[in-house]
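I opened my notebook to jot down what I could look up in this one. Here is the model I had on screen.

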Amino acid sequence: RRVHGRVQEGQPATLTCLITGEPEPDISWLANGARIRPSSYFKIYRNPADGVCELRVTECFPEDSGQYVCEARNPGGLISTTAFLTVEATSKGPGDKPFFVRSLQKCEVLEGNSVEFEVEVYGNPQPEVQWYRNNEEVTNSHDIEITQHANNIHRLVIRETYPDDAGKIVCVARNVAGQAQCSAPLIVRDSVVSNH
């Protein structure tokens, strides 16, 4: 289950999870893929008695927005839990430029099958999203479906793929503060029918 938190710029934020294991696991926190080290800015707390783990951000800024992961590791394996934090700017400036908390992933599909690409993108004001295939913009049509969903999810669905669909899929998000983009390859494999 994904958890979404929202806080105003300059305010503190606390992320809490409950982790137990035997032997007692080692706990790590990551912000947008980078390991967090305890500091005056990031406070890390853990209570071995009840398994409660906390990450406290003493003062949040828009660049702190993104994906936070708590990992627990012991000889039995590794588990993790994820939360997304959005820090809303309080300044009167143009806002926060878009950023992707979930980017495009490589897709491989058999010719004739459908394929779906999905992103999760935030910004202030809410960004407009455009999709491109091999540098050409794609829009809704009989074989392309572009949709926007709750929690800033955007999807591109190609209902039936052909070899000329293969290439680079790009998602561009824009608002008055700037733009961001991500990309991933689409590989379309031949659908071979064998006759015996």
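**Entry 1: the whole chain**

Before anything else, I noted that this is a predicted model.

How much of the protein chain is buried? I found that buried residues make up 35% of the 196 residues. The accessible surface comes to about 11,600 Å², and carbon and sulfur atoms hold 46% of that surface. Then I turned to contacts between residues with a separation of 6 or more: 63% of them join residues 24 or more positions apart.

**Entry 2: a four-stranded sheet**

I picked out an open sheet of four strands and wrote down its order, β9-β11-β15-β14. The pairing in this sheet is antiparallel. Which strands sit at the edges? They are β9, residues 96-102, and β14, residues 144-149, and each of them pairs on one side only. From one strand to the next, the twist averages 25°.

I then followed one pairing along its length. β14 pairs with β15, residues 153-158, over six bridges, again in the antiparallel sense. For a landmark, I marked Glu145, which stands opposite Val157 in β15.

**Entry 3: Asp165**

My last stop was Asp165, in the loop between β15 and β16, the latter covering residues 167-175. Is Asp165 buried or exposed? Its relative accessible area is 5%, and buried means under 20%, so Asp165 counts as buried.

What does the side chain of Asp165 touch? I found a polar contact with the side chain of Arg133, at 2.6 Å. A polar atom of the Asp165 side chain also lies 2.7 Å from the backbone nitrogen of Tyr162. Setting aside neighbours within four places in sequence, I listed the contacts of Asp165 as Arg133, Ile158, Glu160, Leu186 and Val188.

Notes. Residues numbered from 1 in each chain as written. Predicted model: local features only at pLDDT ≥ 70, side-chain atom pairs only at ≥ 80, totals over all residues. Heavy atoms only, no water. Pairing = 2+ DSSP bridges. Helix = DSSP H or I, 4+ residues; strand = E, 2+ residues; numbered from the N terminus. Axes fitted to C-alpha atoms, helices over the stretch in contact; angles between N-to-C directions. Buried < 20%, exposed > 50% of the residue type's maximum accessible area, 1.4 Å probe, protein only. Contact = heavy atoms within 4.5 Å. Areas by Shrake-Rupley, 256 points an atom, 1.4 Å probe, with all protein chains shown as cover. Polar contact = N/O pair within 3.5 Å; in protein donor to acceptor, adjacent residues only side chain to side chain.
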